[in-house]
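Colleague: I am new to this structure and would like to learn how to read it. Could we go through it feature by feature, with the general idea before each case?

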Amino acid sequence: MEAVWTSFHHPWSPHNFILGCSFLCFILISRYLGKKNKKLFWLPAVAPLLSVILSTLIVYLTRGDKHGIKIVKHIKDGLNPSSVNLLELNGPYVGDVAKVGLIVALVALTEAIAVGRSFSSIKGYHMDGNKEMMAMGFMNIVGSLTSCYVAT
């Protein structure tokens with residue numbers, strides 16, 4: 001709340017607000033439709049991706065950046081730089097961070113396995129929890145050494 005309150009003095013564009021709220025409504029409506037109609041079970045899963053694609057197209061076609069809509073202008077190509085040299089395992093908070101990290105990892109792993117099992121029961125295929133856990137662990141270790149986000 002403090003960060004929100006202190007950012008009120010920055011200029012803001014109502015176009016950003018309108019675009020964000022409209023796609024939030026789109027996601028919530030697709031979630032409602034997915035629960036209401038069982039044939040549209042896939043709609044809530046693709047709604048965020050559709051929101052990103054549609055909002056990008058709308059901003060591009062209407063030249064929204066010229067009207068105050070904030071855009072990301074340039075993204076460097078190539079792989080992320082290695083961040084192995086930035087690891088510091090001798091700080092005063094390493095123990096606390098390790099405890100929180102372990103709890104977050106267990107919650108993320110439990111969530112991923114639950115989602116995987118629900119999809120495997122719907123589609124009728126077998127899911128091996130050990131392979132799932134190994135893949136997620138490997139993915140997050142390699143990702144964390146290359147400045148990537150944590151994946152679940």
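Colleague: How far apart do the end C-alpha atoms of residues 40-61 lie, and what share of the span is helix and what share strand?

Modeller: This is a predicted model, in which local features need pLDDT of at least 70 and side-chain atom pairs count only at pLDDT 80 or more, while totals for chains, interfaces and linings use all residues. Residues are numbered from 1 along each chain as its sequence is written, and side-chain values use heavy atoms, with hydrogens and water left out. Helices (H or I, at least four residues) and strands (E, at least two) are DSSP runs, numbered from the N terminus. For residues 40-61, the end C-alpha atoms are 29 Å apart, and the span is 86% helix and 0% strand.

Colleague: Which residues does UniProt list for "transmembrane region"?

Modeller: UniProt positions are given in the numbering used here, with feature names shortened, and annotations may be inferred rather than shown by experiment. The unreviewed UniProt entry lists residues 12-33, 40-61 and 97-116 under that name. In the model, residues 12-33 are 91% helix and 0% strand, with 32 Å between the end C-alpha atoms.

Colleague: Is Ser30 buried or exposed, and which residues is Ser30 in contact with?

Modeller: Buried means under 20% relative accessible area, exposed over 50%, and partly exposed in between (1.4 Å probe, protein chains only). Ser30, which sits in helix α2 (residues 14-36), counts as buried because its relative accessibility is 2%. Contact means heavy atoms within 4.5 Å; leaving aside neighbours within four places in sequence, Ser30 is in contact with Leu43, Pro44 and Ala47.

Colleague: And where is the place of Leu40?

Modeller: Leu40 is in the loop between α2 and α3 (43-61), and at 26% relative accessibility Leu40 counts as partly exposed. Not counting residues up to four places away in sequence, Leu40 touches Leu33 and Gly34. Leu40 and Ser30 are 10 residues apart along the chain, and their C-alpha atoms are separated by 8.8 Å.

Colleague: Which residues make up the largest nonpolar core?

Modeller: A nonpolar core is a set of buried Ala, Val, Leu, Ile, Met, Phe, Trp, Tyr and Cys residues joined through side-chain atoms within 4.5 Å. The largest one here has five residues, namely Leu109, Ala112, Ile113, Met127 and Met136. Helix α4 (residues 94-123) gives the largest share of this core, three residues. Apart from residues up to four places away in sequence, Met127 touches Ile113, Gly116, Arg117, Ser120 and Glu132.

Colleague: How many residues does helix α5 have, and how far does the helix reach from its first C-alpha to its last?

Modeller: The expected span of a helix is 1.5 Å times one less than its number of residues. Helix α5 (residues 129-144) has 16 residues and reaches 22 Å, close to the 22 Å expected at 1.5 Å a residue.
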